[in-house]
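Have the viewer open and follow along.

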Amino acid sequence: MTGKEISEYITFPKTFEKYRWYKPILVFIIGAIIFLILNLLLIAVFYAICGENIMAQLLHGGYEVMNSEIGEIYSHLGVVIMLPSLYLATKIVKDRPFSSYSSSRGGWNTQLYLKAFIIPFILFLVVGIIESVILGNGGNYHFTILFFIILLIVVPLQCIAEEYVFRGLLMQTLGSWFNIPLLAIILQAIIFGFTHGYNGIGNIGTIISGLVMGFLAWKANGLEVSSAFHTANNLSISLLVMFGIQSATSTIQMADLIISTMGSVIFGILLYYIGKRSNWFGEIPETLQEDDS
């Protein structure tokens with residue numbers, strides 16, 4: 001399969017025979033209904049575990065709730081359930097394979113995800129520590145082995161879920177409608193930014209991150225690199241908060257925006273450069289290589 005021509009990722013949905021312009025809307029509606037049901041179940045489970053007072057704080061506390069173990073776990077799981085919601089919706093609508101959301105190279109490539117994760121993760125950790133020293137935005141130490149293990153599981157799943165929804169469903173839908181990849185990248189980034197509960201400055205930073213991740217997904221012809229970049233950022237923040245080096249907040253200051261923007265843009269360009277030099281963006285899953293050998 002080394003000679004396989006890779007389709008353009010953002011407009012990839014149009015290559016499927018059963019795809020129609022309105023079907024992503026059906027996927028979104030059905031997915032939203034499933035997400036609502038799963039979210040209500042999640043709330044019920046945490047209500048039974050935590051009680052009424054803590055659940056009220058989790059539901060209305062903003063990003064500050066992520067300074068506690070239970071708050072962070074609940075917040076991440078509330079996003080993770082977007083992934084099964086989208087999966088089930090695609091199975092109901094049957095417009096195209098779920099693997100087409102992963103990439104236009106033949107599905108999800110775990111090795112590519114892991115390779116793209118390492119460098120930005122280290123860089124985000126280092127910058128986060130330096131930022132905390134400069135700005136003095138430390139928090140409370142609440143490290144435990146169990147919590148650490150849970151973070152290593154739920155944070156990557158949360159980031160991958162967001163990538164499938166925003167850089168997958170949303171960006172590919174916009175790309176298939178307008179046939180202009182750059183417009184699709186910009187629009188999905190704006191929507192991505194304003195779905196987060198930050199203040200105005202914080203939303204700007206999230207939009208910029210959405211632009212970087214949209215660009216990476218476009219050039220990589222799939223979600224693995226953008227998911228790795230997303231995971232590197234979020235996991236580094238979660239670990240820094242857990243160790244009390246930083247604190248989670250919905251109110252972002254200008255200095256935070258400048259540092260985070262510089263980090264996102266520079267690390268995104270670096271990751272793209274490394275991926276391009278290493279031919280990561282043309283990789284296909286090994287299972288498909290074996291099928292063609």
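Helices here are DSSP runs of H or I with at least four residues, numbered from the N terminus; axes are lines fitted to C-alpha atoms over the stretch in contact, with angles running from 0 to 180 degrees between N-to-C directions.

Who does the touching, with contact meaning heavy atoms within 4.5 Å? From helix 3 come Glu69, Glu72, Ile73, His76, Leu77, Val79 and Val80, and they meet Phe147, Ile150, Leu151, Val154, Val155, Leu157, Gln158, Ala161 and Glu162 of helix 7. Sorted by class, that contact has 11 nonpolar, two polar and three charged residues (Ala, Val, Leu, Ile, Met, Phe, Trp, Tyr, Cys and Pro count as nonpolar, Asp, Glu, Lys and Arg as charged, and the others, Gly among them, as polar).

Before going on, a word on the ground rules. This is a predicted model, where local features need pLDDT of at least 70 and side-chain atom pairs count only at pLDDT 80 or more, though totals for chains, interfaces and linings use all residues. Residues are numbered from 1 along each chain as its sequence is written, and side-chain values use heavy atoms, with hydrogens and water left out.

Helix 9 brings Val212, Met213, Leu216, Ala217 and Ala220, and helix 10 brings Val225, Ser226, Phe229 and His230. The tally for this contact is seven nonpolar, two polar and no charged.

Stay on helix 9 (residues 200-220), which also holds isoleucine 204. Isoleucine 204 is partly exposed at 44% relative accessible area (buried is under 20%, exposed over 50%, partly exposed in between, using a 1.4 Å probe and protein chains only). Asparagine 203, also in helix 9, counts as buried at 9%. Leaving out residues up to four places away in sequence, asparagine 203 touches Gly193, Phe194, His196 and Tyr198.

Technical notes: Helix = DSSP H or I, 4+ residues; strand = E, 2+ residues; numbered from the N terminus. Contact = heavy atoms within 4.5 Å.
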